[in-house]
Amino acid sequence: MSKPITFLHEAQIEMTDAAVFYDAQVRGLGATFLGTIARGLREIQSHPTRWPIIGQNIRRLRIGRFPYGILHRETRDEIIVVAIMHLHRRPGYWTDRLAPPF
């Protein structure tokens, strides 16, 4: 049985902001971005430990076509999406999101 996926509030905002940005560039591209994220989330849910740990027990799945990664952590009960991170900007900005209970 796969674990549920929960987004940190900041990760949800990042995902939405990126989709809005891409849709402003080309109509429909935001939906394509969200579809790519959804496929990545299904992969994470099926195989949560497949991707490399990049620090603090956080794993990163690089999504295709877009320069983004899904940063996630598996707990006993769920998979938590910590960030939808642009891979060419501010590496490590998300680390302050890892205050307890993580």
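Biologist: How many residues lie between strand 3 and strand 4 in their hairpin, and which residue in the turn has a positive phi?

Modeller: In this predicted model, five residues separate strand 3 from strand 4 in the hairpin. The turn residue with a positive phi, of about 70°, is Arg65.

Biologist: In which sense do strand 3 and strand 4 pair, and over how many bridges?

Modeller: Strand 3, residues 58–62, pairs with strand 4 in the antiparallel sense, and the pairing extends over four bridges.

Biologist: What joins strand 4 to strand 5?

Modeller: These two strands also form a hairpin, here with four residues between them. They run antiparallel and are joined by seven bridges, strand 5 covering residues 79–86. Within this pairing, Arg73 faces Ile80 of strand 5.

Biologist: At what angle do the axes of helix 1 and helix 2 cross, and which residues meet?

Modeller: The axes of helix 1 (residues 9–25) and helix 2 (residues 29–46) cross at roughly 145° and come within 6 Å. From helix 1, Met15, Ala18, Ala19, Tyr22 and Asp23 take part; their counterparts in helix 2 are Leu29, Gly30, Ala31, Phe33, Leu34 and Ile37. By class, this contact comprises nine nonpolar residues, one polar and one charged.

Technical notes:
Residues are numbered from 1 along each chain as its sequence is written. This is a predicted model: local features need pLDDT of at least 70, side-chain atom pairs count only at pLDDT 80 or more; totals for chains, interfaces and linings use all residues. Side-chain values use heavy atoms; hydrogens and water are left out. Axes are lines fitted to C-alpha atoms, for helices over the stretch in contact, and angles run from 0 to 180 degrees between N-to-C directions. Contact means heavy atoms within 4.5 Å. Ala, Val, Leu, Ile, Met, Phe, Trp, Tyr, Cys and Pro count as nonpolar, Asp, Glu, Lys and Arg as charged, and the others, Gly among them, as polar. Two strands pair if DSSP finds at least two bridges between them.
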